[in-house]
Amino acid sequence: MRMVDLIEKKRDGHELTNTEINFIVTGYTNGEIPDYQMSALAMAIFFQDMTNEEIANLTLAMANSGEIIDLSAIHGIKVDKHSTGGVGDTTTIVLAPLVAAVGVPVAKMSGRGLGHTGGTIDKLEAIPGFNVEISNEEFIEFVNRDKVAVIGQSGDLAPADKKLYALRDVTGTVDSIPLIASSIMSKKIAAGADAIVLDVTTGDGAFMKNQKDAERLAKTMVQIGKLANRQTMAIISDMSQPLGLAIGNSLEIKEAIDALNGNGPADLMEMVYVLGSQMVVLAKKAENLADARTMLEEAIVSGAAIQKFKEMVQNQGGDSTVIDHPEKLPQAEYQIVLPAKEAGVISKMVADQLGIAAMLLGAGRRTKEDQIDFSVGLMLHKKVGDKVAIGEPLVTVYANSEEIEEVKNKIYASITVAENAEEPILIHQIITE
């Protein structure tokens with residue numbers, strides 16, 4: 001078998017067999033197939049697409065290219081949640097302790113952020129001392145005892161995906177549904193959960209800018225999950241504007257604390273309840289979504305959810321006193337309020353541009369090597385559909401320099417004020433088949 005023949009086969013629109021896909025993934029992982037040939041194949045896939053069977057075979061080959069984590073020592077049905085990314089997406093930090101508080105084991109592996117999308121691991125590291133690199137033994141012990149742990153992805157998890165992801169990033173082949181679906185699901189399958197809840201975001205702040213592409217991606221990933229014997233469902237959610245009000249690591253931790261105390265922004269709370277209810281039902285802790293939601297709401301009211309967050313932070317070496325005293329989180333030197341320049345209704349907020357504004361302050365990475373400043377970011381005072389008067393606070397910029405002209409211009413350019421506005425629909429679709 002020769003790689004050049006397989007490139008030509010896919011270039012001409014033919015279907016690759018399971019044997020051929022395994023040959024490609026094995027050869028690329030062990031270095032026998034060079035980057036330039038894999039780049040050619042990725043571009044052929046980008047233009048010619050893949051069948052559902054090809055995507056499933058590619059996903060399983062990438063999942064099997066490294067370690068498959070064995071979570072069988074953890075009691076109960078382990079449910080994982082994955083978001084395709086966005087701006088101000090703090091759901092995992094709220095969901096993990098909340099769902100654990102009703103008895104669902106949450107053994108979560110999360111990634112770091114790159115570009116305008118924040119990474120859960122970066123956000124958690126804003127808590128002084130929080131350690132995302134605990135041993136597998138500790139990981140299993142914490143989840144069995146306290147039902148929750150959130151760690152960084154193992155270097156041995158789906159190494160084929162790690163190599164291919166870096167290659168796609170520099171060859172213009174990121175926006176390919178077969179490659180996105182196989183990348184996400186190979187890591188989820190290798191991470192060992194029994195059930196997977198997917199949050200597929202769509203809109204300006206998401207990879208999938210339009211709903212049709214988001215729907216295809218969601219359906220493809222649900223099908224892959226089922227072929228891999230994982231209970232899988234997906235929610236298509238709106239990311240045309242940031243979720244919640246906070247953008248930036250310490251600010252989002254503070255917002256997550258507020259949410260676990262029942263005081264989070266309405267859209268973030270709704271997203272948490274929708275995703276969390278699905279997780280509770282998949283874990284067979286509730287008969288239906290309505291009962292699951294009631295359980296989650298009660299866990300917040302009783303204080304069980306915030307207590308579970310304290311346990312999680314303490315277990316992983318973090319200073320749990322920040323949960324009662326968020327002022328102990330890293331604080332920016334300057335808080336600069338940007339007032340509204342015109343009166344009306346907020347009609348549009350371009351999520352990815354607001355994410356880039358936060359990144360320019362140091363809240364995100366331009367390259368993988370960049371250091372994150374946990375203290376900086378943006379706090380929104382208005383969302384789409386809100387009325388605003390001239391001079392009223394629009395956004396507060398948390399910065400460690402007063403030189404923020406570029407950031408300020410980007411924020412104003414990203415927010416449109418009009419006479420009226422349609423509020424975006426938060427949940428577009430739920431896909432279970």
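**Close-up views of a predicted model**

N315 is found in helix α14 (residues 304-315). Helices (H or I, at least four residues) and strands (E, at least two) are DSSP runs, numbered from the N terminus. This is a predicted model, in which local features need pLDDT of at least 70 and side-chain atom pairs count only at pLDDT 80 or more, while totals for chains, interfaces and linings use all residues. Residues are numbered from 1 along each chain as its sequence is written, and side-chain values use heavy atoms, with hydrogens and water left out.

View 1. Residues up to four places away in sequence aside, N315 touches F142, R145 and D146. Contact here means heavy atoms within 4.5 Å. N315 and N131 are separated by 184 residues in sequence, and their C-alpha atoms are 9.0 Å apart in space.

**View 2. S83 in strand β1.** Strand β1 covers residues 79-83. S83 counts as buried because its relative accessibility is 15%. Buried means under 20% relative accessible area, exposed over 50%, and partly exposed in between (1.4 Å probe, protein chains only). The areas come from the Shrake-Rupley method with a 1.4 Å probe, and for residues only the protein chains shown count as cover. With neighbours within four places in sequence left aside, S83 is in contact with D89, D199 and T201.

**View 3. The salt bridge between K78 and D194.** The structure holds 21 salt bridges, a salt bridge being a side-chain nitrogen of Lys or Arg within 4 Å of a carboxyl oxygen of Asp or Glu. In the one shown here, the side chains of K78 and D194 meet at 3.4 Å, N to O. K78 lies in the loop between α4 (52-63) and β1, and D194 lies in the loop between α9 (177-190) and β4 (195-202), so the pair ties together parts that are 116 residues apart in sequence. K78 counts as buried because its relative accessibility is 6%. D194, with a relative accessible area of 29%, is partly exposed.

**View 4. The salt bridge between D80 and K188.** The closest N and O atoms of this pair are 3.1 Å apart. D80 sits in strand β1 and K188 in helix α9, and the pair links distant parts of the chain, 108 residues apart. Both D80 and K188 are buried. A network of salt bridges links D80, K108 and K188.

**View 5. The salt bridge between K187 and D161.** The side chains of K187 and D161 meet at 2.9 Å, N to O. This pair links distant parts of the chain, with K187 in helix α9 and D161 in helix α8 (residues 159-169), 26 residues apart. K187 counts as buried because its relative accessibility is 16%. D161 is buried as well, with a relative accessible area of 3%.

**View 6. S39 in helix α3.** Helix α3 spans residues 35-48. S39 has a relative accessible area of 17% and is therefore buried. S39 touches L167 and T171, residues up to four places away in sequence not being counted. Between the C-alpha atoms of S39 and T92, which are 53 residues apart along the chain, the separation is 33 Å.

**View 7. A negative surface patch.** The patch is formed by E333, E402, E403 and E405. Patches are made of residues with over 30% relative accessible area and no salt bridge; like charges are joined within 9 Å, and nonpolar side chains (Val, Leu, Ile, Met, Phe, Trp, Tyr) within 5 Å. Lys and Arg count as positive and Asp and Glu as negative, while His and the chain ends are not counted. The place of a charge is taken as NZ of Lys, CZ of Arg, CG of Asp or CD of Glu. E402 is found in the loop between β11 (393-399) and α16 (405-414). E402 counts as exposed because its relative accessibility is 57%.

**View 8. Positive phi at N229.** N229 is not a glycine, although its phi is positive, about 60°. N229 is found in the loop between α10 (211-227) and β5 (231-238). With 70% relative accessibility, N229 counts as exposed.

**View 9. Positive phi at K284.** Phi of K284 is near 60°, a positive value in a residue other than glycine. The loop that holds K284 runs between α12 (266-282) and α13 (289-301). K284 counts as exposed, at 61% relative accessibility.
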